[in-house]
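Trainee: I'd like to go through this one and check the labels against their cut-offs. Can you put it up on the screen?

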Amino acid sequence: MKQVLEFEKPLVKAREELEELRRKQALKNTSKVTLAIADLEKKLAELQEETYANLSPWQRVQIARHIQRPYMLDYARLCFDEFVELHGDRHIGDDNAMPGGFATLNGQRVMLIGQQKGRDTKENLLRNFGSAHPEGYRKALRLMRMAEKFGLPVICMIDTPGAFPGIGAEERNIAEAIAFNLLEMMKIRTPMVSVVIGEGGSGGALGIGVTDRVIMLENAYYSVISPEGCAAILWKHRQHAPEAAQALKLSAPDLMELGIIDHIVPEPHGGAHHDHHAVAASLKSALVSALAELTPLGSEELLQKRYEKFRAYGKFTEGE
Amino acid sequence: MGLFSKRSVSDLGEKKKDMPEGLWVKCPSCGESLYESALAKNLRVCTQCGHHFTMSSGERIAALVDEGTFEEIDANLDSVNALGFKDYLAKVKAYQVKTGLKEAVVTGRARIDGTPVVLAIMDFRFLGASMGSVVGEKITRAIETATREKCSVIIFSASGGARMHEGILSLMQMAKTCGALARHGEAKLPYISVLTHPTTGGVTASFATVGDLILAEPKCMIGFAGPRVVKETTHSDLPPGFQTAEFMMEHGLVDMIIQRPVMRETLAKLLKYVQQEKKAA
């Protein structure tokens, strides 16, 4: 089943009408049909332009959550020559919501870590909808430290609605697992790049996001709270999520303006799910150039700049 | 001059005097009616059952530091409405009037039993002590001050989490504060985190849980996700005492649970173990 987003329904309808006309044309070509097709093609192009040129933040959130959107392991296959998955936090278990391992990007050895969602019930049981447990964050840190030891740059792919809010997660200190990563990532002496490929859900996203470069796909979002959560608290109802999405400034263009991200990777018209190969090619070249910028820097300079980058975040005024 | 710059501890306690005399407070734990002034004198701990009431930052400072040693720093930071969030600054203003505070954290230098420390005290009465840019900046500067002056930093946390009115900027305060702690830690300087009721969300998932030493006040609520969210997500009943200081202790996540009346002497004792010996000048 192909997932059709609410705001795309008029487009889907127009495309179906066009196909119907083309079927008619194949059976019996008349000048009337030819004209109708030309007319509809024009209208469709306009409608597409109108729909996709001015996506609202809430529409982008829906695209970011689209089940046909490429996930971390899709990119592992499409952007990298090889991915060798490594497992486990060495204490409790292996978190399948946070795969990680060696990968080769354009001939360069790297450590690839990220959150992975599932597309159906079975996959989501395995991947926990991309919501990692403490084990996931601790595995991620283990792999980052190994990358530092062996001189590999780190690439983190962020795609999570948030860290898992469960009983076991609290018992095993999910808060500390994230906090410890925030602290330790500031000290990892190797180039680090993160890219928000879908959902950048709060602390669960940031827990692998303290990196030298922060890249975002055009329709991904990155937020302190989900639009639904924000709406439930401030508007007293989840149905105000579209307004909350607008207010939170969670879209890539807004975050670029706020200075939170360094680069936006363009997506195909309508979102990454329309063309996995095209978006993977764009992402690959963004990753390659980010690493090319960072690799020449010495580790002291790298750490100093990473500190300054995150140190600068915040807006306030200061009186005498 | 800001609201709190370099005010002495006795000034900070002044607000109490404004309260009407003879006010009774009902203890939410045992139901006992308590005389307000007796409660204040007992550090806001119920004289009957030991329940720890919410304490203002001023009261806490007065209860912790050597008399006359508290010197507030970075008192003049003001929140701005960076995202253009509806009614945000009006809300901040309302809490300023209500609490007499400028923001949700007070920071400064002090001595505890003679040991110099930098303190950061979050005040839950101010917008749930949520962390926005000002709170994050003040805590970061407090940590950096401690790093520069080679002393311990003690943070008393209480927070509903990151302040959503400042969106992603609030989230980034988590990384910023932890970054400052990374440097403080690399200088082998001690960080004591004290968790008070309630400490949740983005504060729990940043500086509050990475102390060299983590203390908690009895029965205080400590968690990452709110209990309602956990219940709804997992569709299961929460274990008794879930997300309390005692739950944290049982799972090995805090060093000690400390009653408020002995907090000061406990901190003094711990500081003497972790504070680096001063080299002869």
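Mentor: Let's start with B:Asp123, which sits in the loop between strand 6 and helix 6 of chain B. Helices (H or I, at least four residues) and strands (E, at least two) are DSSP runs, numbered from the N terminus. Before you ask more: this is a predicted model, where local features need pLDDT of at least 70 and side-chain atom pairs count only at pLDDT 80 or more, while totals for chains, interfaces and linings use all residues. Residues are numbered from 1 along each chain as its sequence is written, chains are lettered from A and ligands numbered from 1 in the order in which they are written, and side-chain values use heavy atoms, with hydrogens and water left out.

Trainee: Why is B:Asp123 called buried?

Mentor: Buried means under 20% relative accessible area, exposed over 50%, and partly exposed in between (1.4 Å probe, protein chains only). B:Asp123 has a relative accessible area of 0%, so it counts as buried.

Trainee: And what does B:Asp123 touch?

Mentor: Contact means heavy atoms within 4.5 Å. Not counting residues up to four places away in sequence, B:Asp123 touches B:Ser56, B:Ser57, B:Leu101, B:Ala104 and B:Ala129.

Trainee: What makes B:Tyr95 and B:Phe126 a tilted pair?

Mentor: Rings of Phe, Tyr and Trp (its six-membered ring) pair if their centres lie within 6.5 Å; planes under 30 degrees apart count as stacked, over 60 as edge-to-face and the rest as tilted. The centres of B:Tyr95 and B:Phe126 are 5.9 Å apart, so they pair, and 45° between the planes makes the pair tilted. B:Tyr95 lies in helix 5 (residues 88–99) of chain B and B:Phe126 in the loop between strand 6 (115–122) and helix 6 (133–148), so the pair ties together parts that are 31 residues apart in sequence.

Trainee: Are those two residues buried or exposed?

Mentor: B:Phe126 is buried, at 0% relative accessibility, whereas B:Tyr95 is partly exposed at 23%.

Trainee: Why is the pair of B:Phe242 and B:Phe247 called edge-to-face?

Mentor: Their planes are at 80°, with 5.1 Å centre to centre, so the pair passes the distance test and falls in the edge-to-face class. B:Phe242 is buried at 9% relative accessible area, and B:Phe247 is buried at 5%. Over all chains, a search of the whole structure finds five aromatic pairs.

Trainee: How do you know that B:Arg183 lies over the face of A:Tyr307?

Mentor: A charge sits over a ring if NZ of Lys or CZ of Arg is within 6 Å of the ring centre and within 35 degrees of the ring normal. B:Arg183 is at 3.7 Å from the ring centre of A:Tyr307. Inside chain A, the charged end of A:Arg119 sits over the ring of A:Tyr71, 4.2 Å from its centre.

Trainee: What makes B:Glu137 and A:Arg311 a salt bridge?

Mentor: The rule wants a side-chain nitrogen of Lys or Arg within 4 Å of a carboxyl oxygen of Asp or Glu. Here the N to O distance is 2.9 Å, so B:Glu137 and A:Arg311 qualify. Across the interface of chain B and chain A the rule finds three salt bridges.

Trainee: Why is A:Lys236 called exposed?

Mentor: A:Lys236 has 68% relative accessibility, so it lands in the exposed class. A:Lys236 also has a positive phi of about 65° although it is not a glycine. Its place is in the loop between helix 10 (227–235) and helix 11 (241–248) of chain A.
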